[in-house]
Amino acid sequence: MNPQISNLAIMLVMMQVSRRLDMEDPTIVLYVRIAYATSVALAWTVYQLARNKIVKKNDLTTMKYVAPANAMAGETEGKLQVTTVRDYDLQEVDSAIKSIYTGLAMMGFMHLYMKYTNPLLMQSISPIKSALEHNEVKIHLFGKPAAGDLKRPFKAPSLFGGLGGAPEAKTDKKSIEEAEKAGHGGVKAE
Amino acid sequence: MSMFFEPVVKLSNALNSLNSGYADLSFEEQKALTVLERIKLYNWTFEFYALGALVLIFLAYTIGTKVNSGRGRQLMMSLNQVFNDLAFAKIGFTTKGPQNQPFVAENNNTWFTTYTSGRSSIESITARAHLLSRFNPLSIIMEKVLGIFFPSLVAKDLEEFLEVTIVPNGHYVTSSAAPLPKDTSSASSVVNKFKFISAIVNKSDMAKAREANYYLSLTHTSESDKLPFEYVFMSENNQLNGLFEFYGGAEFRELLSQSTKFLSFIAFTDLPEEKPVTEKTWELSLQPRCVIRTKMVTGSADLARLNQLIKEVVAIVDAATQHFVQNPSKAFITNDMLKKFSNLRSQELAKIVKVVKQTERELLQEKKQDLEREKRRQARNKLSGEDQDKVDQKMREKRERRQRNRQKVRM
């Protein structure tokens with residue numbers, strides 16, 4: 001099943017569960033907190049294990065691809081990315097770890113400051129689920145080959161299969177050669 | 001909003017409550033106390049913490065400045081030693097006093113610069129090092145945390161680095177005792193032969209190097225057996241990949257593999273680091289040179305490797321200049337290759353000129369439109385109220401018609 005759809009399904013189920021729980025009961029709040037903290041800690045550990053494997057493998061094979069243009073940053077053309085498999089993998093894992101920290105900050109604000117417990121319950125499955133479904137974890141911890149859907153650069157996941165997904169990175173020789181000599185570097189920041 | 005200020009108010013109340021016993025005394029009661037009694041009665045906890053914070057800041061400032069100063073001095077003196085070994089005539093900066101200043105430290109020991117000149121083949125070597133502002137650990141932490149969540153906000157040159165720029169001069173003499181060449185007119189044509197881009201880049205810094213340097217963003221990246229596995233070639237033409245092996249040999253390759261920890265790239269280039277935006281800045285920024293960029297180098301072993309690396313690159317410039325001056329047929333860079341490289345420069349310049357012209361055209365058109373709008377406004381003001389309404393009606397109809405046509409085209 002598409003991970004985005006299963007996330008949505010889990011969210012709906014957890015919403016129903018949270019409606020049936022008494023969020024004013026300190027014991028239930030404690031259990032919800034333990035569940036959330038365990039999930040986040042497990043997810044963090046999984047990413048760190050994958051990270052260690054990546055660093056240990058130290059795969060310095062060069063990777064070139066043209067990343068899609070970021071319309072939010074006012075880019076009209078895609079940017080060439082020249083990196084190594086190790087650095088690409090580390091970047092992916094680090095951004096996943098960063099998203100854990102962002103989630104923690106958000107949940108901390110919602111739960112500790114705004115005193116909401118429902119979001120904590122709803123987020124108590126998704127961190128570990130996302131970690132286990134992460135491409136890097138599949139490759140480095142589960143030993144799946146980096147081919148097909150796991151071929152680098154990874155495709156951005158879309159909610160409805162192929163429709164409406166984010167634009168993909170180009171890996172064809174022509175696009176890379178064009179972008180390689182485009183001279184987009186050294187642009188002075190405004 | 002009160003929700004956001006609540007913790008601040010709570011903190012403020014807690015701080016005030018520290019001295020509630022003292023503050024609750026009436027004026028007469030306070031007046032009756034001696035100075036010693038007042039000191040004893042007053043709760044100094046907050047003041048002690050504040051003083052503690054000030055002492056910590058002072059300590060961090062002193063230690064940070066000393067660490068930076070020590071590291072910068074060690075690096076700069078080591079570079080001065082290399083310049084001395086390479087027989088440069090002038091090392092460091094002239095001062096009013098009798099002794100030269102070997103290096104300059106700026107911005108509270110965060111930027112260090114040294115310079116040397118006066119040698120066969122080399123016009124000058126400038127080394128600039130940037131160190132973290134260790135005297136202000138709070139700003140370092142804040143910038144790092146900010147960098148995690150907003151990488152685009154992080155200022156350039158935040159990290160520590162050393163950049164050594166070696167500029168060739170096109171003059172070649174066989175020894176330090178040899179007389180200077182009488183004919184200096186050919187020097188500029190020799191320097192012009194260094195107008196190419198060829199670099200060896202550490203794989204860990206490829207993306208950053210291409211992003212930060214215009215000249216590297218014009219090159220083709222390729223792996224090669226001629227290099228240690230940790231590096232790639234970035235050259236404007238694949239023929240140039242042999243340059244380092246041709247002049248540097250196996251020793252240079254060995255040195256590269258020993259320097260993977262700190263070396264970011266070694267690049268021969270004549271194009272600027274920053275992308276030129278006009279024809280004038282393009283012409284002003286052309287300067288054949290070799291750039292060695294490394295992370296901050298500390299420790300005697302790494303410093304020795306860095307020194308050796310600089311010596312090797314100077315040896316490459318020496319050998320290339322010697323070939324260009326004495327035996328051009330033996331030189332690695334041929335005239336045919338130079339013609340190809342010149343084409344790339346013409347193409348890049350043409351791109352810049354095109355963008356400039358387009359921008360100028362757009363500005364002119366905008367100006368023209370503004371003028372027309374002003375003219376229409378003035379003509380409208382001259383008309384009577386009824387005529388003005390008619391003109392407005394006409395304009396409205398025109399706009400609506402255009403919008404309808406546009407919609408039709410879309411459908």
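**Ground rules**

I number residues from 1 along each chain as its sequence is written, and I letter chains from A and number ligands from 1 in the order in which they are written. Since the model is predicted, local features need pLDDT of at least 70 and side-chain atom pairs count only at pLDDT 80 or more, while totals for chains, interfaces and linings use all residues.

**Chain A, overall**

I started with the make-up of chain A, which comes to seven helices and two strands. Helices here are DSSP runs of H or I with at least four residues, strands are runs of E with at least two, and both are numbered from the N terminus. Along the sequence I read the pattern α-α-β-β-α-α-α-α-α. The C-alpha trace of chain A spans about 65 × 40 × 35 Å along its principal axes.

**H2 and H3 of chain A**

Next I looked up a helix pair. Two packed helices are described by the angle between their axes and the distance between the axes. Helix H2 of chain A covers residues 26–57, and its axis comes within 10 Å of that of H3(A), crossing at roughly 165°. (Axes are lines fitted to C-alpha atoms, for helices over the stretch in contact, and angles run from 0 to 180 degrees between N-to-C directions.) H2(A) and H3(A) are therefore roughly antiparallel. (Over 145 degrees counts as roughly antiparallel, under 35 as roughly parallel, 65 to 115 as roughly perpendicular and the rest as oblique.) The crossing of H2(A) and H3(A) is left-handed, that is, the near helix is turned anticlockwise from the far one by less than a right angle; clockwise would be right-handed.

Which residues in H2(A) and H3(A) meet? From H2(A) I noted Tyr36(A), Val40(A), Ala43(A), Trp44(A), Tyr47(A), Ala50(A), Arg51(A) and Ile54(A). Facing them in H3(A), I listed Arg86(A), Asp89(A), Leu90(A), Val93(A), Ala96(A), Ile97(A), Ile100(A), Leu104(A) and Met107(A). Contact means that C-beta atoms, placed from the backbone, lie within 7 Å. By class, I get 14 nonpolar, no polar and three charged residues for the contact of H2(A) with H3(A). (Ala, Val, Leu, Ile, Met, Phe, Trp, Tyr, Cys and Pro count as nonpolar, Asp, Glu, Lys and Arg as charged, and the others, Gly among them, as polar.)

**A cis proline**

I found a cis peptide bond between Arg152(A) and Pro153(A), with omega about -10°. Pro153(A) sits in the loop between helix H6 (135–140) and helix H7 (173–180) of chain A.

**Where A touches B**

The contact takes 18 residues from chain A and 24 residues from chain B. On the chain A side, strand S1 (62–67), strand S2 (79–84) and helix H3 (85–113) each supply at least two residues. S2(A) gives the largest share of that side, four residues. The side of chain A that touches chain B has four nonpolar, eight polar and six charged residues.

**Strands of chain B**

I then turned to chain B, where two strands pair if DSSP finds at least two bridges between them. Strand S3 (residues 111–117) runs antiparallel to strand S4 (residues 122–130) of chain B, joined by seven bridges. Tyr115(B) has Thr126(B) as its bridge partner in S4(B). The hairpin of S3(B) and S4(B) has four residues between the strands, and Gly118(B) takes a positive phi near 85° there. S4(B) also pairs with strand S5 (residues 161–168) of chain B, antiparallel over eight bridges, with Ile125(B) partnered by Ile166(B) in S5(B).

S3(B) has other partners on my list. Strand S2 (residues 104–106) of chain B pairs with S3(B) in the antiparallel sense over three bridges, and Val104(B) stands opposite Thr113(B). Four residues lie between S2(B) and S3(B) in their hairpin, where Asn107(B) in the turn has a positive phi of about 45°. S1(B) pairs with S3(B) over two antiparallel bridges; here Lys90(B) has Ser117(B) as its bridge partner.

Another positive phi I noted is that of Ala87(B), near 60° in a residue other than glycine. Ala87(B) is in the loop between helix H5 (45–85) and strand S1 (90–91) of chain B.

**Domains of chain B**

Chain B is divided into domain 1 (72–333) and domain 2 (355–410), with bounds from an automatic or database domain assignment. I noted 56 Å between the C-alpha centres of domain 1 and domain 2 of chain B.

Terms used
Contact = placed C-beta atoms within 7 Å.
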